[in-house]
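The sequence and the structure come first.

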Amino acid sequence: MDKRQIHTDGLSTGFHPGGNNERVLQQGLNLRLVQGELVCLLGLNGTGKSTLLRTLLGYQKPIAGEVHIMGQKLSELSIKDIARRVAVVLTDRIEDPFLTAFEVALTGRYPYGMMISSITAEDRRIVGDTFQRLSVSHLSDAVFQKLSDGEKQRVLIVRAIAQETPFIFMDEPVAYIDSPGKIMIMHLVRELADTYQKGVIMATHDVESAFHFADRLWLLGKNKAFEEGNPQKLARSGSLNR
């Protein structure tokens, strides 16, 4: 089995709203993500994009089926093991008003130590080099909360790269960002796959960006509908419009 991939076997996602009740959003998914590939996850609200991401990350249990990360069952991996395989760029707000961009990015090194006090000079070098490679060194000393949305996203991508994982999951990385900033971030996401050879899953509502930048699309529809494939083929078949 190829250990450079994440794959699922008969995965069903959803949640238990109470008691023995069960709400299934997606059913019987056999998915695959390999390193060096950008997959965009598209679907209307309520079709289960975030639920699928959380299930693939182990944040919530699947209704059925199994997730495998690099040849190992997700259910058998510790939190630290998962964090060494998958970095996450979420839309969650970082509320601390004093952290600098560098300090935020430095949290990407936590999976390799026990606590903040174990951050090493090597960790700081890795983060500093990543800021430099992405040409955003000018942001490193700025207070994170004072950055624009686009600048914050670039810092969070620095953190994800500095975490040195083979896979990166992103949830709406270009939401609420103006067009120039959106294009810049999408080129950066494309670079994660092409240059850094990361396997990237990006949940988004931005169909145009997904169409132009993704290698493959995962389309989530109502009533558990699912399709995947090349963006151009899905557009020609009418699946993307549906």
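## Helix 4 against helix 5

Helix 4 and helix 5 are oblique to each other, a class for angles that are not under 35 degrees (roughly parallel), over 145 (roughly antiparallel) or 65 to 115 (roughly perpendicular). Their axes come within 9 Å and cross at roughly 130°; axes are lines fitted to C-alpha atoms, for helices over the stretch in contact, with angles from 0 to 180 degrees between N-to-C directions. The crossing is right-handed, meaning that the near helix is turned clockwise from the far one by less than a right angle.

From helix 4, Ile126, Val127, Thr130, Phe131 and Arg133 meet Val155, Val158, Ile161 and Ala162 of helix 5, where contact means heavy atoms within 4.5 Å. By class, this contact has seven nonpolar, one polar and one charged residues. Ala, Val, Leu, Ile, Met, Phe, Trp, Tyr, Cys and Pro count as nonpolar, Asp, Glu, Lys and Arg as charged, and the others, Gly among them, as polar.

## Basis of the values

The model is predicted: local features need pLDDT of at least 70, side-chain atom pairs count only at pLDDT 80 or more, and totals for chains, interfaces and linings use all residues. Residues are numbered from 1 along each chain as its sequence is written, and side-chain values use heavy atoms, with hydrogens and water left out.

## The aromatic pair

A search of the whole structure finds one aromatic pair. Phe102 and Phe131 are stacked, at 6.0 Å centre to centre and 15° between the planes. Rings of Phe, Tyr and Trp (its six-membered ring) pair if their centres lie within 6.5 Å; planes under 30 degrees apart count as stacked, over 60 as edge-to-face and the rest as tilted.

Phe131 is buried, with a relative accessible area of 1%; buried means under 20%, exposed over 50%, and partly exposed in between (1.4 Å probe, protein chains only).

In helix 1 (residues 49-57), seven of the nine residues are buried, including Leu52, Leu53 and Leu56. Gly58 follows this helix and has a positive phi, near 85°.

Lys61 sits in the loop between helix 1 and strand 5 (64-69) and is exposed, at 75% relative accessible area. Asn223, in the loop between strand 10 (216-220) and strand 11 (226-229), is exposed at 78%.

Conventions:
Helices (H or I, at least four residues) and strands (E, at least two) are DSSP runs, numbered from the N terminus.
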